[in-house]
Amino acid sequence: MSRLASTAIAVTGLTGGYATGRITKKRPLAAVVLAAAGTGAFFIWKKDAGTAKAIALVGAYLTAFGASHPLSKKIGAWPAVNSVTAVVGVLSLVGGGATRPPQV
């Protein structure tokens, strides 16, 4: 897979999770979206970058989710979600790729 695939899944999980919760008013459904995307991104990160980096990136993903809550009180909900999503996206692009050349 590519860095773009894992990054797309991760950012979709954060923004899609928030949007799902906001639209449906069902936080458990938002959690399902967030968890499904995080799990999918983890497996791609693990395959592409290794277990240690995948765990670190999932940690960043979950930290971003948690940080969006207090940040939303300061700058608003969507700006907070977009801010933490941008950080996760950059981290995924930088750290989510292969550490060794692909096998042919």
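Entry 1

I take a helix axis to be a line fitted to the C-alpha atoms over the stretch in contact, with angles running from 0 to 180 degrees between N-to-C directions. The model I am looking at is a predicted one.

I looked up how α2 (residues 27–49) and α3 (residues 51–75) pack, and found an angle of about 155° with the axes 8 Å apart. Angles over 145 degrees count as roughly antiparallel, and therefore α2 is roughly antiparallel to α3. I noted the crossing of α2 and α3 as right-handed.

Next I listed the residues that make the contact. From α2 they are R27, L34, A37, G38, F42, W45, K46 and A49. From α3 they are T51, K53, A54, I55, L57, V58, Y61, F65 and H69. I sorted the residues of the contact of α2 with α3 into eleven nonpolar, three polar and three charged.

Entry 1: α1 and α2

I looked up α1 (3–24) against α2. The axes of α1 and α2 come within 7 Å and cross at roughly 175°. That makes α1 roughly antiparallel to α2.

On the α1 side I wrote down R3, A5, S6, I9, A10, G13, L14, G16, G17, T20, G21 and T24. They meet L29, A30, V33, L34, A37, G40, A41, I44, W45 and D48 in α2. For the contact of α1 with α2 I noted twelve nonpolar, eight polar and two charged residues.

Entry 2: the loop at K25

I looked at the loop between α1 and α2, where K25 has its place. What is the phi of K25? I found a positive value of about 65°, although K25 is not a glycine.

Is K25 buried or exposed? A residue is exposed when its relative accessible area is over 50%. K25 is at 69% relative accessibility, so I counted K25 as exposed.

Entry 3: α1 and α4

The axes of α1 and α4 cross at roughly 165° and come within 8 Å. That makes α1 roughly antiparallel to α4. I recorded that α1 passes α4 in a right-handed crossing.

My list for α1 reads R3, L4, S6, T7, A10, V11, L14, T15, Y18, A19 and R22. In α4 they meet A77, W78, V81, N82, V84, T85, V88, G89, S92, L93 and V94. I divided the residues of the contact of α1 with α4 into 13 nonpolar, seven polar and two charged.

Leaving aside neighbours within four places in sequence, I found V88 in contact with A10, L14, A60, Y61 and A64. I also checked V88 and L57, which are 31 residues apart along the chain; their C-alpha atoms are separated by 7.9 Å.

Which residues of the largest nonpolar core touch the most other members? The core has 13 residues, and those I found were A10, L14, W45, Y61 and V88. I noted that α1, α2, α3 and α4 each supply at least two residues of this core. Helix α2 gives the most, with five residues. In soluble globular proteins, nonpolar side chains tend to be buried together.

Not counting residues up to four places away in sequence, A10 touches A41, W45, Y61 and V88.

I looked up G40, which lies in helix α2. G40 is partly exposed, with a relative accessible area of 26%. I then took the pair G40 and I75, which are 35 residues apart along the chain, and found their C-alpha atoms separated by 29 Å.

I ended with L93, whose place is in helix α4. At 38% relative accessibility, L93 counts as partly exposed. Not counting residues up to four places away in sequence, L93 touches R3, L4 and T7. I found L93 and G40 to be 53 residues apart in sequence and 16 Å apart in space, C-alpha to C-alpha.

How values were computed: Residues are numbered from 1 along each chain as its sequence is written. This is a predicted model: local features need pLDDT of at least 70, side-chain atom pairs count only at pLDDT 80 or more; totals for chains, interfaces and linings use all residues. Side-chain values use heavy atoms; hydrogens and water are left out. Helices (H or I, at least four residues) and strands (E, at least two) are DSSP runs, numbered from the N terminus. Angles under 35 degrees count as roughly parallel, over 145 as roughly antiparallel, 65 to 115 as roughly perpendicular and the rest as oblique. A crossing is left-handed if the near helix is turned anticlockwise from the far one by less than a right angle, and right-handed if clockwise. Contact means heavy atoms within 4.5 Å. Ala, Val, Leu, Ile, Met, Phe, Trp, Tyr, Cys and Pro count as nonpolar, Asp, Glu, Lys and Arg as charged, and the others, Gly among them, as polar. Buried means under 20% relative accessible area, exposed over 50%, partly exposed in between (1.4 Å probe, protein chains only). A nonpolar core is a set of buried Ala, Val, Leu, Ile, Met, Phe, Trp, Tyr and Cys residues joined through side-chain atoms within 4.5 Å.
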